[in-house]
Amino acid sequence: MMIESNNNPRGIDIAGLLKESAIAALVALGLTIVMLGLRTVDTTTGLGITTRWPLVAVAVISVFAGRLLFAFRREWKASKGPVSRDRKEEEDRAATIIKRFSTIGGPVFIAFALVLPLMPFADRYVIDIATYVLIYVMLGWGLNIVVGLAGLLDLGYVAFYAVGAYSYALFAFYFDLSFWVCLPLAGLCAASFGVLLGFPVLRLRGDYLAIVTLGFGEIIRIILLNWYKFTNGPDGISGIPRPSFFGLEFKRTAVEGTQTFHQFFDLDYSSMHRLIFLYYLILILALITNFFTLRIRKMPVGRAWEALREDEIACRSLGINPTNTKLTAFALGAMFAGFAGSFFATRQAFISPESFTFIESAVILAIVVLGGMGSQVGVAIAAVLLIGGTELFRGLEEYRMLAFGGLMVAIMVWKPRGLLAHREPTIKLHPDKGPPPEAIKAVTEGEGK
Amino acid sequence: MEYFIQQLINGVTLGSIYGLIAIGYTMVYGIIGMINFAHGDVFMIGAFLSLIAFLVLGIIGITWIPLALLVVLLVSMLIASVYGWTVERLAYRPLRGSFRLAPLISAIGMSIFLQNYVQLLQGARVRPMPPVISGGFTFLEGSDFPITVSYLQIVIVLLTIALMTGFALLIARTSLGRAQRGCEQDRTMSALLGINVDRTISLTFVMGAALAAVAGMMFVLYYGVIDFYIGFLAGIKAFTAAVLGGIGSLPGAMLGGLLIGLIETYWSAYFSIEYKDVAAFAILVLVLIFRPTGLLGKPEIEKV
């Protein structure tokens with residue numbers, strides 16, 4: 001808008017640019033002079049202060065330079081006169097690229113994931129990271145149902161993950177049930193928690209829902225932390241049993257009267273078998289989540305989710321019960337988190353409330369947001385980038401969350417729909433509304449002349 | 001009974017701190033209809049600024065308490081305001097008119113960013129602060145439960161009352177307050193009438209941040225220890241206070257803050273201290289279910 005209203009090419013106002021940058025630098029000085037310039041340190045006589053003025057200077061100068069460059073680029077673009085960019089056409093082109101990428105990229109990813117353990121470079125470390133990433137892919141896909149499809153901002157998703165993990169651990173601990181019995185039970189438990197929480201709060205407006213789910217996540221964590229007799233509190237639960245392969249254990253020596261995996265298949269014992277089995281297990285679980293989401297999008301309830309996300313009032317007037325529809329999304333999302341949670345418990349063999357903090361919810365949300373809410377491939381890519389990427393940069397641990405936060409803001413400001421945004425409705429009543437783009441172009445160009 | 005009164009005094013003090021933070025939430029919600037998730041972290045930054053300012057004053061040698069308090073208050077309010085302004089400018093203003101969840105997600109990102117920013121710059125360890133104002137009045141000295149009212153508690157409550165009064169006057173009497181109320185009711189109309197809407201919204205964030213910084217200073221003085229994570233819980237509780245009082249309503253925020261402070265104190269005193277945070281969350285859920293408009297709020301009508 002701004003660009004088009006400015007028809008006359010004009011010179012660049014250097015003084016104005018400098019003034020603007022100076023103001024930005026002044027703000028940066030205000031931000032950093034105390035927080036960066038003075039650091040509290042522990043000394044023998046209590047707290048002391050050290051100074052870091054050079055860093056403040058660096059920060060202020062870089063803000064000044066950055067702002068100057070940014071403003072100069074903007075003015076330079078403006079001075080070249082009106083830029084006629086066809087926004088619509090650009091978006092359409094982007095949409096087709098994304099679509100093609102999704103159709104080709106999806107199968108390629110799955111094929112790669114399937115053969116990964118057979119690759120020569122796939123050692124214990126690689127498989128471990130890949131399993132870890134896949135847990136987040138699954139969580140991302142699960143949350144995508146809630147946030148991406150139904151448009152409900154759930155900040156307590158990790159609570160359902162925790163419910164799944166703890167229900168497996170506790171079932172195994174108190175009733176001695178196996179993983180395969182507990183997996184559906186854990187999903188069921190998490191889903192019932194979802195319904196229990198969702199029923200009263202889903203009538204609320206979106207942002208209230210966010211806060212309530214956040215509070216719920218914290219309540220679950222506090223209960224797990226303080227109910228010492230039942231959950232072992234901060235010490236966590238250890239010795240969680242490993243899953244078996246159709247009754248075959250992954251152990252070096254078999255229990256009396258049974259066979260182990262390597263004995264049955266006549267292989268040499270290797271601890272890698274179990275890791276690879278776990279890897280395939282989470283891959284299958286994640287793919288089930290994905291397949292389920294893709295299918296349910298085509299069902300009435302899936303369409304109702306997307307419709308609700310776009311316009312709740314219109315849906316209500318068309319006879320969709322918003323609370324029930326949201327509730328199904330909430331419960332299904334929770335169920336997949338429960339599956340992922342029980343997998344997490346069996347993989348780690350140890351869980352404690354520390355694994356289920358708010359930060360975890362924020363990371364999963366960041367994956368969904370970054371990937372483009374509603375896009376399955378996007379979520380997978382974002383999980384690989386965020387989780388795999390930060391695994392590679394383990395040394396920069398302390399900058400990791402800083403970058404996460406900054407990235408979330410930046411993505412929202414620049415590309416609010418995510419990197420691979422794909423919010424095209426699954427179904428359209430009239431695929432091509434209005435005249436084709438060529439006709440519009442011809443008309444507008446004709447008028448111009 | 002003595003125990004009850006003692007807890008009442010503690011609860012009112014805590015409630016004052018929550019109330020001051022809650023005002024920031026309620027004002028921002030009133031004017032642009034979003035939850036400023038990073039507000040709790042601005043409070044935390046205010047606490048750190050106060051801590052650093054106290055330490056610096058101690059090193060320079062200004063130890064006359066009223067002067068030190070005034071200087072610390074001004075410094076932390078000023079710098080926290082810059083933070084509030086910057087947060088709005090960078091994370092929220094570009095998103096005005098974007099889809100519904102965008103500002104909220106951006107706010108969560110900002111909150112994570114600020115927490116880790118402070119952790120990186122000031123360290124992850126808990127920061128202790130020696131008591132600045134000590135002593136107080138003691139009543140019923142002979143009995144089993146003497147009631148003490150520390151000078152610090154008096155300072156906190158008086159300062160809160162003074163700020164609240166000033167703030168209420170600012171909203172009711174000045175042209176800025178009028179502009180703010182105008183923007184709250186109808187932003188487009190206000191813009192047509194010559195009110196600089198962007199500037200008004202910015203100033204709202206600045207005021208909220210300044211009040212949160214005062215709350216931060218009180219927190220440092222009252223508890224004596226802070227870390228980079230205090231903003232999260234305090235923020236949620238203050239938000240609960242704002243919702244309980246009726247979001248968008250200033251007296252509501254103060255009332256809600258007091259109630260949350262009292263509930264939390266009594267809950268820890270009579271039930272269990274481990275579950276004191278659960279109390280605040282439970283109240284939030286209950287209020288939202290049974291009375292979403294809060295105690296003093298106006299019902300919100302959604303128009304198409």
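Helix α14 of chain A is mostly covered in this predicted model: 22 of its 27 residues are buried, a residue being buried if 20 or more other C-beta atoms, placed from the backbone, lie within 10 Å of its own. Helices (H or I, at least four residues) and strands (E, at least two) are DSSP runs numbered from the N terminus. α14(A) covers residues 322-348 and reaches 39 Å from its first C-alpha to its last, close to the 39 Å expected at 1.5 Å a residue; the expected span is 1.5 Å times one less than the number of residues. Just after α14(A), A:A349 takes a positive phi of about 65°.

Residues are numbered from 1 along each chain as its sequence is written, and chains are lettered from A and ligands numbered from 1 in the order in which they are written. Local features need pLDDT of at least 70 and side-chain atom pairs count only at pLDDT 80 or more, whereas totals for chains, interfaces and linings use all residues.

The domain assignment of chain A, which is automatic or from a database, gives domain 1 (2-79) and domain 2 (99-242 + 279-414). The centres of these two domains, taken over C-alpha atoms, are separated by 39 Å.

The largest nonpolar core holds 210 residues, of which A:M138, A:I367 and B:A80 touch the most other members. Such a core is a set of buried Ala, Val, Leu, Ile, Met, Phe, Trp, Tyr and Cys residues joined through C-beta atoms within 7 Å. Helix α8 of chain B (residues 197-223) supplies the largest share of this core, 16 residues. Domain 1 and domain 2 of chain A both give residues to the core, so it lies between them. Beyond its neighbours within four places in sequence, A:M138 is in contact with A:I282, A:L285, A:A286, A:T289, A:F336 and A:A340, contact meaning C-beta atoms, placed from the backbone, within 7 Å.

Between the chains, 42 residues of chain A are in contact with 53 residues of chain B. On the side of chain A that touches chain B, α8(A) gives the most, with twelve residues.

Chain B comprises eleven helices and four strands. Its radius of gyration, taken over C-alpha atoms, is 19 Å, close to the 19 Å from the globule rule (2.2 Å times the number of residues to the power 0.38), so chain B is as compact as a globular protein of its 304 residues. Of these residues, 49% count as buried.

Terms used:
Contact = placed C-beta atoms within 7 Å. Buried ≥ 20, exposed ≤ 12 C-beta atoms within 10 Å, placed from the backbone.
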